[in-house]
Structure formats: C-alpha cells, structure tokens
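Below is a short briefing on one protein chain. Look at the sequence and the 3D view before reading the points.

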Amino acid sequence: MADAAPPSKSRDLDKLLLRPGNLVGPTFDPGVQLRDDLQEYVKVLVVGAGGLGCELLKDLALSGFKNLEVIDMDRIEVSNLNRQFLFRISIGLNLDCLSLVLKRNSVIMGPMGRLEDVGKPKAEVAAKRVMERVSGVNIVPHFCRIEDKDIEFYSDFNIIALGLDSIEARSYINAVACSFLEYDFDDNPREETMKPMVDGGTEGFKGHARVIVPGVTPCFECTIWLFPPQVKFPLCTLAETPRNAAHCIEYAHLIKWDEVHRGKAFDPDNGDHMKWVYDEAVKRAELFGIPGVTYSLTQGVVKNIIPAIASTNAIVSAACALETLKIASGCSKTLSNYLTYNGVEGLHSKVTQFVKDKDCLVCGPGVLIELDTTVTLQKFINMLEEHPKLLISKASITYHGKNLYMQAPPVLEEMTRSNLNLPLYDLMDKIPKDILHATGTINKDNKKSSGLKKLRVVFKGIDGVTDMDLAGGA
Ligand SMILES: [Zn+2]
C-alpha cells in the first residue's frame with residue numbers, strides 16, 4: 001500500500017481514543033485532540049517503585065502517558081535482588097527474567113543484571129530505566145517518604161496510582177487524596193475536587209486492582225475491613241489437629257522449640273534454628289500424613305514471608321494502568337470498583353462493587369465540630385485529643401493549605417507557635433464554617449499511627465449559620 005500511514009507507537013492507543021464506542025464514559029470526546037491533551041497535560045503519580053510500582057511505571061509509559069512521577073523511600077538491596085530483577089522485567093528483558101527466576105534465591109544476576117544498582121534509590125533507577133526504553137516519556141523520581149511531601153505536591157497530579165505493599169502507606173495516600181474533596185451545601189461531592197486513585201496490591205498468586213474516586217466510590221478507609229489482621233492459628237489446632245503443612249511448621253516453631261530449648265530464643269535469621277524447625281515440622285507432618293512441608297515454606301511461614309510472583313504483579317499492574325487510562329480519557333467505563341485476581345489454583349477473577357461508608361472520616365463530609373468564636377487554636381488542638389471520633393494527639397493544623405500550627409519541623413513550629421493563643425475564628429478569616437485538616441498521631445485500639453483528618457468547623461452564634469445547618473451538618 002503506497003500511502004499507508006507509517007507505523008505509529010500509539011496505534012493501539014489510537015483505536016481507543018480516536019473513535020467513538022458503545023462502552024465509552026459520558027465525558028468521552030474522541031479525537032486527536034484528546035490523545036494529544038492526554039499526553040501533554042495529564043500527570044500521574046506512581047507511589048512505590050517495588051515489584052508492582054516498576055510494572056506500573058512501565059505500563060503507564062507504554063500506555064502513552066508522558067508526564068509521570070514516582071515516589072519511593074527505599075534503596076535497592078542485595079537481599080531483594082528479586083525486586084531488582086522485577087524491575088529488569090519491567091523494561092522488557094523477558095529472557096533474563098526467566099533465567100533469574102530460577103536463580104533468584106541465590107543472588108546471581110543474569111548476563112544483563114546490574115549489581116551496580118545496589119544501594120541506589122529504587123525510584124531513581126526505575127525512572128531512569130523506563131525512560132531509557134520508552135522514548136518521549138518524562139519521569140521525575142522522588143527518593144523520600146510519602147509523608148515528606150507537602151499536600152500541594154499531591155494536588156498537582158490528575159491521578160495517583162498506588163503500587164504499595166503496606167496498609168499504612170495506602171491509608172496515608174488515601175487520606176491525602178480525599179482531603180482535596182469538597183462537599184457542597186447539600187453534602188454532594190464536588191466533581192472538580194475529586195482526586196482519583198488506582199490501587200493495586202499483590203500477595204503471592206493473589207492480587208487486586210481497584211478504582212477509588214473519593215466521594216463516588218468507597219475510599220480505602222471505607223473498606224479497611226478488607227485487610228483483616230494477620231491470621232494466627234489457634235494453639236490447640238497446632239497441638240492436637242494439624243491439617244496442613246503450615247500447622248506442622250508452626251507447631252515446631254511455637255511449641256516444640258520451647259519444649260526442647262527452654263528459654264533460648266528462636267532466631268529466624270539463624271540457619272541452624274531454621275533447619276531444626278524444618279526437621280521437626282517434617283517429623284510432625286509424617287506423623288499426621290500431611291504433605292507439603294519444605295524448607296522454603298518453613299522460612300515463609302516462620303518469617304511470614306509471602307513470595308513476590310512476577311506474573312501477579314504484571315496482571316494487576318496491567319489492570320491498574322488500563323483503569324488509569326480509562327479515568328484520564330473516558331474511553332471506557334471504569335472498573336466498579338474492586339477486581340480480585342486469584343491464580344493459586346487455575347485462575348479466578350471477580351469484580352465486586354463495594355459501597356461507600358457515608359460516615360467515613362476520610363472521604364465523608366467530615367467531622368462536624370461546633371465552636372465558640374473565642375476558642376483559641378491551642379484549646380482546639382486539645383479538644384481534638386478528647387474528641388471520640390478523632391482521638392488525634394500532637395495535631396498540626398492546616399487551613400486551605402496554610403499552616404496554622406505545625407508540630408514539626410522545629411523551624412515551622414517556631415513560626416506558627418504564636419498562632420496558638422489566637423482565636424481559631426480569627427485564624428480562619430472569620431468565616432463561619434469551613435474545612436480544616438489535622439495531621440497527627442491517631443490513638444485507636446491502643447495503636448498509634450500517623451493520620452490526617454478532615455474537620456468541618458462551624459462557629460456558633462454567627463449570622464448565616466442556623467440551627468438547621470448545625471443539625472443537618474451542611
Ligand atoms: Zn471513605
């Protein structure tokens with residue numbers, strides 16, 4: 001064909017973005033403009049540059065996003081060279097990956113492996129490698145903790161994609177993204193303030209991908225029960241009726257070790273200790289006719305290690321990248337709202353539509369606090385510690401991005417200290433009702449964690465605020 005168009009890198013993307021379709025979202029406006037705007041203006045933040053984060057970064061770059069940033073606080077370690085190898089896969093060296101899968105426990109790098117990366121920040125190396133392989137993409141790495149960035153940093157992105165393995169980190173980013181959400185006087189979320197998130201997670205052969213649109217879908221905190229506490233086996237099961245290999249291993253680890261070693265602490269990093277537990281677990285398994293006790297399973301159960309499976313990361317990441325593209329372009333309806341993937345036996349995947357918790361402290365309209373206009377900032381901060389729905393101590397308070405009081409760093413604390421004795425009403429420019437944000441230590445169920453809360457402050461006795469406003473929580 002003489003005048004066939006030259007092959008384009010965005011050929012597949014064009015099929016999605018340049019044509020109308022029956023599955024498109026309500027705001028979808030196909031055409032070259034959409035594709036170009038998407039590439040030029042949409043900014044996506046990838047949180048985490050581990051196994052999943054690297055996959056995500058690569059997938060988003062290949063999906064046509066040109067403005068990416070990645071944040072991760074870790075350095076590449078020899079002990080997690082498997083992550084390093086995941087990262088190598090993430091830029092397309094599939095043959096290397098295959099050979100490294102076989103060798104990954106023995107810290108041997110393949111012909112293309114780069115030990116030189118050990119000790120370098122994951123975010124920086126990941127950004128560099130993806131940029132080397134995908135032309136035209138710009139990736140800005142941030143080698144720091146997610147808490148080190150101020151809230152304005154996060155407000156800059158259209159979509160936040162999470163490739164994390166920690167519940168705490170997810171919870172933090174979720175709170176940050178939800179803090180941008182504003183409600184109108186009828187408690188309806190304002191669309192222009194929604195900061196969508198796409199969250200991926202993997203654990204061995206299982207994984208999930210979910211879309212979080214604050215105010216529309218449940219946020220991470222609305223469905224925190226999806227992450228139950230670590231299951232512990234009842235001791236009686238271990239002692240009397242073991243039913244699987246893990247029970248036999250835990251019997252050797254928790255019961256037999258103490259019986260035999262009397263007071264000597266088990267050290268999971270001691271190879272002799274681990275071998276002893278393994279040998280005992282094998283004996284126990286033989287006694288009850290239970291198959292499946294291996295040395296690596298023993299390590300996994302005792303150290304609570306769940307192996308990272310590259311294919312799970314790849315599948316979950318692909319789902320997340322597609323959802324990111326759908327949110328940014330409207331080229332198809334987004335996932336509603338939680339996809340689970342299970343590859344343990346065969347393959348099973350399912351989409352569940354979870355519902356929002358309307359009282360959610362994070363994505364809901366906020367905790368309503370009524371105050372007199374005379375209450376000082378110091379007194380307000382003290383109140384937060386006592387408030388049954390908050391229990392937030394050492395709170396730092398921001399008002400529309402302005403620091404009213406910061407507990408840290410010392411230089412900011414000093415700068416904002418004089419506000420403590422001023423009435424909060426004055427600090428809020430005498431606005432009768434508005435949203436404040438408090439960050440601090442949340443004491444819940446005898447556990448301390450850092451958190452960010454949304455407070456809807458209403459001052460009593462001000463014109464324009466009626467009893468109905470207070471009662472209805474407008
Ligand atoms: Zn929520």
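A nonpolar core is a set of buried Ala, Val, Leu, Ile, Met, Phe, Trp, Tyr and Cys residues joined through C-beta atoms within 7 Å. This is a predicted model. The protein has 17 helices and 13 strands, and 37% of its 474 residues are buried.

- In soluble globular proteins, nonpolar side chains tend to be buried together.
- The largest nonpolar core holds 69 residues, and Leu-57 and Ala-161 touch the most other members.
- Helix H13 (residues 310–329) gives the largest share of this core, with 8 residues.
- Beyond its neighbours within four places in sequence, Ala-161 has contacts that include Val-44, Leu-56, Val-198 and Cys-320.
- Another core lies apart from this one and has 19 residues, among them Ile-381, Ala-395, Met-406 and Tyr-425.

**An open sheet**
- Five strands form an open sheet with mixed pairing, in the order E9-E13-E12-E10-E11.
- Strands E9 (367–371) and E11 (402–405) are at the edges with a single partner strand each, so one side of each has no neighbour in the sheet.
- On average, neighbouring strands of this sheet are turned by 35° against each other, direction ignored.
- Strands E12 (residues 433–444) and E13 (residues 447–459) pair in the antiparallel sense over 12 bridges, and Asp-434 stands opposite Val-457 in E13.

**Helices on the sheet**
- Helix H8 (residues 167–179) packs on the sheet and touches E12 and E13, with its direction at about 15° to that of E13.
- Helix H14 (residues 377–386) lies across E9, E10 (392–399), E11 and E12, and runs at about 130° to E10.

**Contacts along the chain**
- Of the contacts between residues at least 6 apart in sequence, 67% join residues at least 24 apart.

Technical notes
Residues are numbered from 1 along each chain as its sequence is written. This is a predicted model: local features need pLDDT of at least 70, side-chain atom pairs count only at pLDDT 80 or more; totals for chains, interfaces and linings use all residues. Helices (H or I, at least four residues) and strands (E, at least two) are DSSP runs, numbered from the N terminus. A residue is buried if 20 or more other C-beta atoms lie within 10 Å of its own, exposed if 12 or fewer, and partly exposed in between; C-beta atoms are placed from the backbone. Two residues are in contact if their C-beta atoms, placed from the backbone, lie within 7 Å. Two strands pair if DSSP finds at least two bridges between them. Axes are lines fitted to C-alpha atoms, for helices over the stretch in contact, and angles run from 0 to 180 degrees between N-to-C directions.
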